[in-house]
Amino acid sequence: MRDFLVEQGDKLLVCPNRFLVPIAKLSDRFIIPNSTVIVIMEYRPGQRERNRTRAWRLGYTLCCAGVPVFDMGERMRIYCPCTGDAAIFDALQFYNESIPPDSQILRDYAKCGECSKIADVVGEVSYKLEKDTVIIDGAKRPGAVPFRTFTQRYVLPLQATLL
């Protein structure tokens, strides 16, 4: 289990049909491989009601699109592919109206609830399951150079189900 990051099962905002990063479900929690292609971000929405609502809406939209977002009370924890961490980080900076185009696209998708195209902006982790082992090869994003890393293998614990 030391190769995995553990999150409580009831803290995931939404459970979509498909995740963009490998995530497995145990009986009462989720586990995510501690890989170099998965970036962990924590964000604490500000005190302004408008920005707070926008941040949680963006987090919910990301989770619907397949980026795991966990509710940690006053903050959210996001596990995203390394190809999209900058876009997500900049999109969460609501005090700044001058942001890169990818981040603005994420904000626009969150406003209208469009989840299907978010993977084009944030990318996804390239992984596969062989028997009880998750094999991670890198991260990819349409229209960008794939991020390759050495092949990483993570043996799932007993009774874990890859989602």
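This report describes the fold of one protein chain and then looks at a few of its residues.

## Basis of the model

The structure is a predicted model, in which local features need pLDDT of at least 70 and side-chain atom pairs count only at pLDDT 80 or more, while totals for chains, interfaces and linings use all residues. Residues are numbered from 1 along each chain as its sequence is written, and side-chain values use heavy atoms, with hydrogens and water left out.

## The chain as a whole

The chain contains 4 helices and 10 strands, where helices (H or I, at least four residues) and strands (E, at least two) are DSSP runs numbered from the N terminus. The C-alpha atoms fill a box of roughly 45 × 35 × 25 Å, taken along the principal axes. The radius of gyration, taken over C-alpha atoms, is compared with a globule rule of 2.2 Å times the number of residues to the power 0.38; a compact globule of 163 residues would have a value near 15 Å, and the chain agrees because its own value is 15 Å.

Of the 163 residues, 48% count as buried, a word that here means under 20% relative accessible area, with exposed meaning over 50% and partly exposed lying in between (1.4 Å probe, protein chains only). Contact means heavy atoms within 4.5 Å, and among contacts between residues at least 6 apart in sequence, 62% join residues at least 24 apart.

Thr133 belongs to strand β8, which covers residues 133-140, and is counted as buried because its relative accessible area is 15%. Its side chain makes a polar contact of 3.5 Å with the side chain of Asp132; such a contact is a pair of N or O atoms within 3.5 Å, and within protein one must be able to donate a hydrogen and the other to accept it, while residues adjacent in sequence count only if both atoms are side-chain atoms. When neighbours within four places in sequence are left aside, Thr133 is in contact with Lys128, Arg153, Tyr154 and Val155.

Pro33 lies in strand β3 (residues 29-33) and, at a relative accessible area of 2%, is also buried. Although Pro33 and Val134 are 101 residues apart in sequence, their C-alpha atoms are 8.5 Å apart in space. Not counting residues up to four places away in sequence, Pro33 touches Asp3, Phe4, Leu5, Pro22, Ile38, Ile136 and Tyr154.

## Ser103 in a helix

Ser103 is found in helix α3, residues 101-112, and counts as buried because its relative accessible area is 1%. The C-alpha atoms of Ser103 and Ala91 are separated by 4.5 Å, although the two residues are 12 apart along the chain. Apart from neighbours within four places in sequence, Ser103 is in contact with Ala86, Ala87, Asp90 and Ala91.

## Two loop residues with positive phi

Most residues other than glycine have a negative phi. Lys131, however, has a positive phi near 55 degrees; this residue lies in the loop between β7 (124-130) and β8, and is exposed because its relative accessibility is 85%.

Gln159 likewise has a positive phi, near 65 degrees. Its place is the loop between β9 (147-155) and β10 (161-162), and with a relative accessible area of 75% Gln159 is exposed.
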